[in-house]
Amino acid sequence: PVHLATFFDSLLETMSKVAEKKSISLSAEVPEELFIEADEDKLRQIFLNLLSNAISYTHEGGNVKVRAINRQKKDGTETVVFTVTDTGIGIPRKDLPRIFERFYRVDKARSRSSGGTGLGLSIVKHLMDLHHGAISVESDLGIGSTFILELPLLQEYEI
Ligand code: ATP
Ligand code: MG
């Protein structure tokens, strides 16, 4: 199992240089006792993509925050709900349904300077599927975006 507080400490450390360059404050709020059964490398890839997007698409002086909470579903299964929230440029409503598609970028002008390929979120979606997880996004143009991820606390393995 992955100890989430340690995991995010190390992840934020990795991202801190890029964030500092833009004077973006980067923080995590994670319960100290929370563990999740997941592939740590894949988890890392998921959150590196989301955090690097959050930093790229947020202006100087903004905020990026990760939260994790333990949730008990009605059927008794336990999950972890993660949110990655930024105070960035936001995503137009009409683009929201498509941003998890391969090579989809909101518009070439706004993202040209960041030089991405439009693959990050499609990889995140794929890795979430591998963990039987779900991902969604809420966003207000000019105000910011929140990516919401839910993963089972324990994985069911197929033999
Ligand atoms: P890559 O990740 O391959 O370097 P990318 O960042 O453009 O390139 P994705 O990570 O798949 O590709 O994101 C798709 C598009 O969604 C981005 O081009 C950007 O327009 C939009 N987007 C993603 N995350 C955010 C965010 N946090 N705030 C605003 N827009 C975002
Ligand atoms: Mg990206």
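Colleague: What makes the crossing of α1 and α2 right-handed?

Modeller: α1 passes α2 in a right-handed crossing, a term used if the near helix is turned clockwise from the far one by less than a right angle, anticlockwise being left-handed. The axes of α1 (residues 4-21) and α2 (residues 40-56) cross at roughly 35 degrees and come within 11 Å. Axes are lines fitted to C-alpha atoms, for helices over the stretch in contact, and angles run from 0 to 180 degrees between N-to-C directions. Helices are DSSP runs of H or I with at least four residues, strands runs of E with at least two, numbered from the N terminus.

This is a predicted model, in which local features need pLDDT of at least 70 and side-chain atom pairs count only at pLDDT 80 or more, while totals for chains, interfaces and linings use all residues. Residues are numbered from 1 along each chain as its sequence is written, and chains are lettered from A and ligands numbered from 1 in the order in which they are written.

Colleague: Why are β2 and β6 said to stand at the edges?

Modeller: The open sheet has five strands in the order β2-β4-β5-β7-β6, with mixed pairing. Each of β2 (25-29) and β6 (134-140) has a single partner strand, so one side of each lacks a neighbour in the sheet.

Colleague: How do you know that β4 and β5 pair?

Modeller: Pairing requires that DSSP find at least two bridges between two strands. Nine bridges join β4 (residues 63-72) to β5 (residues 78-86), so they pair, and they run antiparallel. Lys 65, for one, has Thr 85 in β5 as its bridge partner.

Colleague: What makes a set of residues a nonpolar core, and which have the most contacts inside the largest one?

Modeller: Such a core is a set of buried Ala, Val, Leu, Ile, Met, Phe, Trp, Tyr and Cys residues joined through C-beta atoms within 7 Å. The largest has 31 residues, and Leu 50, Leu 51, Ala 54, Val 64 and Val 84 have the most contacts inside it. The elements giving two or more residues to this core include α1, β2 and α4 (120-130). α2 gives the most, with seven.

Note on methods
Buried ≥ 20, exposed ≤ 12 C-beta atoms within 10 Å, placed from the backbone.
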